[in-house]
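Good morning, and thank you for coming.

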Amino acid sequence: MENIQNEKTHISLAEALSDFLKIDINDVNLDVNSINHYSYSKESADLDKYSVSGTSFIPLISSHFAISQDDLKEEEISIAEGSIKKIIIEKLSDELLKSKLYSLINFGSGVSGEEKKSPATLRGLVEIIIGIAIAAGYFSDLYWKMETKFLHTKIPTGKDNKTVLQEATQKHRLPMPSYEVISTEGPDHDKVFVVECTISSTLKTTASGKSKRFAESNAALEMMSTHFANHPKKTITLSKLSLEIYKTHLQGRDYKNSAICQNFNIAQGTNLIPCFIPSRFKSTGGWSGRSHRALAFHGANVLDLLLCFFSSEVIKDSPSEAKKIKSDIARRVIKTSELTSIITSEGIWSSNAPFQHIELDSSDEYKSDCIQSLFAVSFFRALESGNIDNLLSSPAANLIQRKVNSQPPSIKSLHENFSSMAVERYSKIGFCYEFKKIDENKTGIKLTHLKSGGEYLQIFDTIEPTNRQKRLSTSRAMLRLIDATEGLLPINETRNTDFSNLNKLSEFLFNSMTGERKKSSTITIIDEIKHETDRQTLEYHDFEIDELVETWANREKLSISQQGELLARIRLWHKVDTKIKPMHQYCFLPVIYDAFFYSNSTKSIVNYDDSPEDFTAESILSPPTQPPTPTAHTSGAIPRTTGAKPNKVQQTEINAVKSAPPINTNSAREYIQLRELQFSKMSVSSLESLWRERSTILESAEEAALLLSTLRFEKGIDFHKINYSSLISTDTIIKLELPSIFASNTHAISLDKAPLENDSPKEFKLDKSDSRLRKNSQITTRPGQSNFRNTVFTNYKFCCITDCTVTTVIEAAHIAPYRGEKDNHIKNGVLLRTDIHRLFDANMIGISPNNLEVFVSEKLKGTEYEQYAGKIISKGIKTDPAYSALKYRWEYFCENNNIEISD
């Protein structure tokens with residue numbers, strides 16, 4: 001009987017939804033508890049996961065209606081969008097109240113009849129219902145049905161009532177209107193405010209509203225209706241939603257870019273000029289007298305919709321916090337600097353940009369608007385095709401999705417232990433954090449900066465009896481350090497902690513974090529920061545630490561140079577720095593540079609009390625099944641990553657990597673393809689866990705470089721996946737001392753032509769091991785480098801590719817990468833002009849080992865370097881280059897340029 005009743009409820013819900021939304025919903029799997037009021041039960045808090053989508057849907061279609069009105073000026077679009085959105089919500093709320101669906105909604109026993117029918121309650125229910133329909137896959141159906149429902153609706157598009165009244169009084173040279181609450185009525189939870197609007201002793205009106213703001217607006221409207229009836233009020237009649245609005249009124253301007261079209265799933269050959277028209281040029285190149293800002297206005301809502309789709313997995317474990325989580329994710333993922341990086345990463349912003357001006361080139365806001373405009377056009381194209389997946393599957397949207405997937409669902413997902421908190425905290429600023437057991441009394445923390453590939457190993461002496469306690473102790477020290485680095489360490493800890501033994505680690509963190517932001521910043525921003533800090537008079541030199549910390553905690557209104565000085569002096573007090581660096585460098589630390597973004601995390605997340613902690617081994621090594629109850633020190637927004645040890649799902653994925661066929665059973669290329677397929681199917685957390693075990697699981701340097709490339713891509717650092725060969729020579733990979741697939745599997749790859757010579761052990765033998773000396777974890781020495789250069793110069797005299805004889809610009813180049821003194825061999829070197837040397841190392845110029853023919857990458861086609869293609873390099877005076885070295889380098893050139901090597 002119960003099953004029959006549930007089935008009837010499912011059918012009844014689907015029918016009621018279909019009738020209300022006017023679309024055919026046949027999904028009998030709808031959750032019968034999904035359409036309830038928040039007051040009904042604790043589970044009703046999960047309704048936020050639907051409300052998020054509904055909240056984004058209405059502004060999206062409202063802005064589409066607004067920009068589809070040809071008679072609206074650009075500055076009127078925002079006002080019109082607000083008016084359209086208000087009408088849509090009011091009409092849908094009214095229809096819901098009269099619908100059969102409303103009778104199926106459950107309310108809590110404490111909700112009064114008036115509350116059930118209040119505008120706020122009805123609006124919330126409408127948003128939930130729309131979200132349910134979207135989650136069930138009816139986005140396109142619902143979108144076009146809404147167009148039909150509101151087509152030809154008349155919408156007042158004037159300014160708000162108080163602004164209109166103020167303009168009217170100014171026009172008639174009357175005093176400014178004033179507003180005063182003269183009475184309140186009703187209980188606290190349902191108050192009604194009565195406001196009097198006064199212009200003069202003879203011009204007064206009163207009106208009521210659910211809030212002071214609404215009451216004042218109604219009083220202003222009453223004043224306009226009574227005393228200024230002739231004041232014009234603009235209205236528009238909604239026309240059809242245009243999918244080609246960006247193609248109209250282009251006035252002969254044309255801009256086409258195949259890379260942009262490919263990255264945003266826009267048809268090749270589309271004129272993209274409307275996405276780039278600055279406001280100052282709209283009169284000569286605009287569409288309907290508009291700039292790109294109109295499209296950007298709609299594109300911002302498109303991005304908000306993407307976040308709703310992509311964050312569904314992130315919020316599913318904390319549905320009751322869906323709105324907050326989505327808001328936090330939005331601040332991270334679609335902030336101006338992140339959108340600007342899309343242009344920078346893809347080379348979209350270059351010399352062929354349609355509008356050239358120094359202010360535009362340096363304006364992140366303008367570039368961000370351009371990206372939003374492109375997302376708007378991508379959305380129109382998806383609607384035109386009838387498949388919203390065309391928007392969701394574009395490379396640009398994929399980048400947004402990857403960035404969303406790397407965000408935390410909630411601070412609640414953090415373990416309440418220092419180990420996982422340190423992993424999360426360092427992940428937030430771009431580092432992979434892993435433990436290294438040195439010996440019984442020493443534990444190491446190895447940090448890898450994913451952006452630059454830099455690594456650092458910090459060793460701690462520990463007296464704790466167990467590995468678990470060692471990890472907690474060292475992680476607590478690492479959390480103290482990052483708090484001190486960002487000026488967030490509590491004063492009592494400041495006085496009791498000396499960081500002078502962590503100066504080198506602190507320097508590594510500082511250089512990695514500031515270097516990343518400098519590299520991604522425009523020259524204008526860098527110059528502005530330097531100019532600002534250079535002209536700033538130092539003002540905190542006589543502050544005590546208490547004053548510095550208090551001022552830093554309330555720094556929101558301080559200039560960037562003042563913040564830089566504050567943080568510099570706090571770091572010096574902590575002994576994080578041994579001396580103050582140039583002041584402008586501190587401004588590139590995330591806590592200052594990204595302050596507007598990380599506003600929720602500007603306080604320590606660590607409880608430094610020494611009270612005993614009740615941790616189990618499992619709580620340290622893997623996430624809890626249910627999120628723990630938040631405590632005072634778990635506030636803030638910290639990106640999601642894995643704990644110290646992979647969980648079951650991650651371990652399964654890692655085991656699949658372990659069980660791959662040995663290298664010698666496949667050709668090198670096939671083996672790389674296998675690994676690439678495996679890595680592409682792994683989650684970010686699994687990739688991070690695998691990275692922590694790379695030295696014991698991976699068998700080759702190529703695999704490690706491919707893993708790093710995949711991890712960077714999946715975390716949204718790179719727009720497109722970098723070819724692993726570009727990372728093979730980074731210190732991060734070299735330090736692993738892993739063999740090369742190509743060096744260890746030469747039997748699996750043959751060449752068409754016979755080698756020029758056979759190597760003998762007495763001449764030069766390719767050795768894959770890395771025997772370089774290291775001064776410390778950051779510096780690698782190259783003894784014998786000057787001798788190598790002199791030796792190669794005696795063998796060639798000039799660049800063997802360009803025949804250049806100017807010794808100032810000629811360098812001795814290693815053919816096989818330098819891995820120690822053994823590689824400083826005359827047969828492992830050639831003389832190359834400096835620029836050719838760089839291209840040779842980047843695998844953009846290659847030398848065939850068969851006949852010494854020069855090959856040039858397709859990436860250099862059309863450049864001055866194309867002239868060297870087909871040239872035979874000059875042979876050495878004393879001896880020719882080693883075949884094995886040339887072959888080793890040739891494999892990389894072929895792999896990097898998709899050149900097939902015949903078997």
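This is a predicted model: local features need pLDDT of at least 70, side-chain atom pairs count only at pLDDT 80 or more; totals for chains, interfaces and linings use all residues.

Let me begin with the sheets.

In what order do the strands of the open sheet containing β2 lie? The order is β2-β3-β4, and the pairing of these 3 strands is antiparallel. The edges are taken by β2, residues 178-185, and β4, residues 203-209; each has a single partner strand, so one side of each is left without a neighbour in the sheet. Neighbouring strands here are turned against each other by 20° on average, with direction ignored. Between β3, which spans residues 192-200, and β4 there are 7 bridges, and the two run antiparallel. As a landmark on the screen, you may look for Ser200, which stands opposite Leu203 in β4.

The next sheet is also open, with 3 strands in the order β6-β7-β8 and antiparallel pairing. Its edge strands are β6 and β8, the latter covering residues 455-461, and each of them pairs on one side only.

How many residues lie between β6 and β7 in their hairpin? There are 2 residues between them.

The largest nonpolar core contains 104 residues, and the members with the most contacts inside it are Phe139, Phe276, Phe375 and Phe379. Which helix supplies the largest share of this core? That is helix α17, residues 364-385, with 11 residues. There is also a second, separate core, made up of 62 residues, including Cys432, Ile654, Phe793 and Leu832.

From the cores we move to the second largest pocket. Its volume is about 1500 Å³. The lining consists of 35 residues, and those nearest the centre of the pocket are Lys86, Glu90, Arg213, Phe214 and Asn218. Several helices take part: α3 (77-97), α5 (113-116), α6 (119-135), α8 (161-171) and α9 (212-227) each provide at least two lining residues. Of the contributors, α3 gives the most, with 9 residues. What is the make-up of the lining by class? It has 15 charged, 11 polar and 9 nonpolar residues.

Finally, I would draw your attention to one glycine. Gly564 sits in helix α26, which runs over residues 560-574. Is Gly564 buried or exposed? Its relative accessibility is 0%, and because buried means under 20%, Gly564 counts as buried. Between Gly564 and Pro582 there are 18 residues in sequence, counted as their separation, and 9.7 Å in space from C-alpha to C-alpha.

That concludes the presentation, and I thank you for your attention.

Notes
Residues are numbered from 1 along each chain as its sequence is written. Side-chain values use heavy atoms; hydrogens and water are left out. On a 1 Å grid over the protein atoms alone, a cavity is a set of points where a 1.4 Å probe fits but cannot get out, and a pocket is an open set with protein on both sides within 12 Å along at least five of seven lines; lining residues have an atom within 4 Å of a point. Grid points are joined across faces, edges and corners, and a volume is the space filled by probe spheres set on the points. Helices (H or I, at least four residues) and strands (E, at least two) are DSSP runs, numbered from the N terminus. Ala, Val, Leu, Ile, Met, Phe, Trp, Tyr, Cys and Pro count as nonpolar, Asp, Glu, Lys and Arg as charged, and the others, Gly among them, as polar. A nonpolar core is a set of buried Ala, Val, Leu, Ile, Met, Phe, Trp, Tyr and Cys residues joined through side-chain atoms within 4.5 Å. Buried means under 20% relative accessible area, exposed over 50%, partly exposed in between (1.4 Å probe, protein chains only). Two strands pair if DSSP finds at least two bridges between them. Axes are lines fitted to C-alpha atoms, for helices over the stretch in contact, and angles run from 0 to 180 degrees between N-to-C directions.
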